[in-house]
Amino acid sequence: MKLSQFRFKMPVECLALEPPHKVFENEDGTVDKVYRRDECRMMVIHRKSETIDMYAKDAEGKDTDQFLLFRDIINYFDDGDVMVLNDSKVFPARLFGTKEKTDAKIEVFLLRELNEDLRLWDVLVEPARKIRIGNKLFFEEDGPMVAEVIDNTTSRGRTLRFLYDCPHDEFKRELYALGSAPLPRYIINQRDVMPEDTENFQTIYAKNEGAVTAPAAGLHFSRELMKRLEIRGVNFSFLTVHCGLGTFDTIEVEDLTKHKMSSEQMIINAEACQVVNKARKEGHHICVVGVSALRACETAVGTDGMLKEFEGWTNRFIFPPYDFGLADSMVANFYHPESTMLMATAAFGGYDLVMKAYDLAVEKGYKFGCYGDAMLILDD
């Protein structure tokens, strides 16, 4: 397929800058917000019948004027079904420092730690033109956190060595204390990072640290919804994909077969495989939550249709047409035009049907992006 086939007009007002929330005005005039992850809208795509549901139904099975909400997902799964979730934990990757001598403000985006003993980190810097090998960056006024640029990796990429002499655990605590939630650029270009983003930009089941962006389809799950699904008999299989910025890379070729995805580290353990494979053998539904989990499953599924243990890296790029080997349902968000996430969603749900759903989403005012609304794709 061609890149231009995934181009559509997305009004800027469709971008969600915050998760779903209620606003309450107090007697003293102050305002409180209560965030409710599972109250975003949910559009349901039926890929075999090629139908789309947006509204809740009444007792007679007729559409009401109430939009389906994500918490309604419980009505589509039963005892023995499995949801595959990415438990990667986002760390506070965005820091701001000043360049020695000039005091120029520099944004440093932590990507991954290269060497614990030497305190080496792979980072992105902005504005990159001001940062050269040998420069020092200071992260606190009169504070101890200082870094030296020791290598250029890409046009914006640098290797930093942090000059901080203490045990590694203490260093990490101090470093992360200086950082903030690594919200996507399209959000921070319109508002400041808020303290509540630290919690909001993290799935409630996040466990294994290493992601620099949230596995966003999982942000819709609340603790209450997870408990209700558990009571219903739905099982959870947790794998780890440390989501990087590669999914946001601009695709610069029209022919999608020529695009190369950046690699992401992934781990699938024996327990995750056992949960999925038992459901598979017994004929239950397997639902992948998000594109990262979808890519991981397609990387590790065997020719027998069973999920295999895996520890390594994946650069699996999924776009239509694609023959999936494991899941029969999927939770996705509404993604940006020409994004790799949109392409993977279209591959799973069917290009024509998914793009029709996107047209409806824009028409009906659904919210796009990591804090936006959800799509559930079913194989019926």
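**Entry 1: β3 and its neighbours**

I started with β3 and strand β4 (residues 51–53), which pair in the antiparallel sense over 3 bridges. For my own notes: two strands pair if DSSP finds at least two bridges between them. Strands (E, at least two residues) and helices (H or I, at least four residues) are DSSP runs, numbered from the N terminus.

Before going on, I wrote down that this is a predicted model, where local features need pLDDT of at least 70, side-chain atom pairs count only at pLDDT 80 or more, and totals for chains, interfaces and linings use all residues. Residues are numbered from 1 along each chain as its sequence is written, and side-chain values use heavy atoms, with hydrogens and water left out.

Which residue of β4 is the bridge partner of histidine 46? I found threonine 51. The hairpin of β3 and β4 has 4 residues between the strands. Glutamate 50 sits in that loop, and its phi is near 55 degrees, a positive value in a residue other than glycine. Is glutamate 50 buried or exposed? It counts as exposed because its relative accessibility is 56%. The cut-offs I used are these: buried means under 20% relative accessible area, exposed over 50%, and partly exposed in between (1.4 Å probe, protein chains only).

Then I looked at the other partner of β3. Strand β21 (residues 374–378) is joined to β3 by 5 bridges, and the two run parallel. Methionine 43 has methionine 375 as its bridge partner in β21.

How much of β3 (residues 42–46) is covered? I got 5 buried residues out of 5. Met42, Val44 and His46 point one way, Met43 and Ile45 point the other way, and all are buried.

**Entry 2: the barrel**

Next I traced a barrel. It is closed by 6 strands in the order β9-β10-β11-β14-β13-β12, with antiparallel pairing. From one strand to the next the twist averages 45 degrees (axes are lines fitted to C-alpha atoms, for helices over the stretch in contact, and angles run from 0 to 180 degrees between N-to-C directions).

Lysine 99 has leucine 137 as its bridge partner in β12.

Arginine 119 lies in the loop between β10 (105–115) and β11, and its phi is near 60 degrees, positive although the residue is not glycine. Arginine 119 counts as buried, because its relative accessibility is 8%. Proline 127 is in the loop between β11 (120–126) and β12. The peptide bond joining glutamate 126 to proline 127 is cis, with omega about 0 degrees.

I also noted a cis bond from proline 320 to proline 321, with omega near -10 degrees. Proline 321 lies in the loop between β19 (310–314) and β20 (329–333).

**Entry 3: helix α4**

Which residues of helix α4 (residues 223–232) are buried? I listed Leu225, Met226 and Leu229. They are on the same side of α4 because they cover an arc of only 100 degrees around the axis (the arc is that of the directions from the helix axis to the C-beta atoms).

The face turned away from the buried side carries the exposed residues Arg223, Glu224 and Ile231. The cover over the buried residues of α4 includes β7 (82–86) and β16 (235–241). Just after α4, glycine 233 takes a positive phi of about 105 degrees.

**Entry 4: the whole chain**

Last, I zoomed out. I counted 8 helices and 21 strands in the chain. Its C-alpha trace spans about 70 × 60 × 40 Å along the principal axes. Of the 380 residues, 53% are buried.

I also looked up contacts, meaning heavy atoms within 4.5 Å. Among contacts with a separation of 6 or more, 69% are between residues 24 or more positions apart.
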